[in-house]
Amino acid sequence: MSIRHGLLALLERGPRYGSQLRTEFESRTGSTWPLNVGQVYTTLSRLERDGMVVQDGEDDQGHALYSITDDGRTELRNWFETPVDRSSPPRDELAIKLAMAVGAPGVDIRAVIQSQRHHTVKAMQDYTRLKAQALADVPGNRDEVAWLLVVEQLIFQAEAEARWLDHCEARLVRLAEASVTDPEPEAHTTGRTPARTPARPRTRR
């Protein structure tokens, strides 16, 4: 998630102060990724250092206002026009957990999958209810439409995760069945072919 570019997008609509940016960011994303004021001001300081925003006086309540610069607009345009890089995906805790659970002693990986599936389906149901509530309100402004896009993305992610978990469980079942019908041959402890018993010497008559 790019807080940096999110703040630039909000500042393009006009000067804002820190807590105002936080409120608008959370409103636009439905508080899916909550920010604290410290994060906002730290990011604003870095943007100011990089010449993408400038302090632009104060409002009537004495809040320091920030405005986007031409360099900031260029950065924002590049962000919108450049696809999100998927060649280096972020680490996924669930994928790592299942990978490590395969063959781990004392771990029932199917139980791990079933527990995660229950959690994922519940999350998907919660997101679906949020979407239904949003649609019932008849979206009429940009923030409401933006929130719908976010919650729908969360629903699609949960659906994909549930399908992937089903796939993982089916693969494990096939693996277990294959190991029963086609067990691995027993290996010799020394890894060598046993030597032939030497012939008994002939006795002379």
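Predicted model: local features only at pLDDT ≥ 70, side-chain atom pairs only at ≥ 80, totals over all residues.

Residues are numbered from 1 along each chain as its sequence is written, and side-chain values use heavy atoms, with hydrogens and water left out.

I then took the surface. The accessible area of the protein is about 15200 Å², and carbon and sulfur atoms hold 52% of it (Shrake-Rupley method, 1.4 Å probe).

For secondary structure I noted 7 helices and 2 strands (DSSP runs numbered from the N terminus: helices are H or I of at least four residues, strands E of at least two). The order along the sequence is α-α-α-β-β-α-α-α-α.

I looked at the strands next. Strand 1 (residues 53-58) and strand 2 run antiparallel and are joined by 4 bridges (pairing requires at least two DSSP bridges). Q55 is opposite Y66 of strand 2. The two strands make a hairpin with 5 residues between them, and G62 in the turn has a positive phi of about 85°. In strand 2 (residues 64-68), 4 of the 5 residues are buried.

Which residues touch the most other members of the largest nonpolar core? I listed L7, L8, L11, L21, V40, L44 and V53, out of 16 residues (a core is a set of buried Ala, Val, Leu, Ile, Met, Phe, Trp, Tyr and Cys joined through side-chain atoms within 4.5 Å). Helix 1 (3-11), helix 2 (18-29), helix 3 (37-49) and strand 2 each supply at least two residues of this core. Helix 1 gives the largest share, 5 residues. Another core, of 8 residues, lies apart from it and includes L94, A101, I109 and L172.

I checked L7 separately: leaving out residues up to four places away in sequence, L7 touches L21, V40, T43 and L44 (contact means heavy atoms within 4.5 Å).

Last, I looked up helix 1 against helix 4 (residues 70-81): their axes come within 10 Å and cross at roughly 115° (lines fitted to C-alpha atoms over the stretch in contact, angles from 0 to 180 degrees between N-to-C directions). R4, H5, G6, L8 and A9 of helix 1 meet G72, E75, L76, W79 and F80 of helix 4.

Key
Buried < 20%, exposed > 50% of the residue type's maximum accessible area, 1.4 Å probe, protein only.
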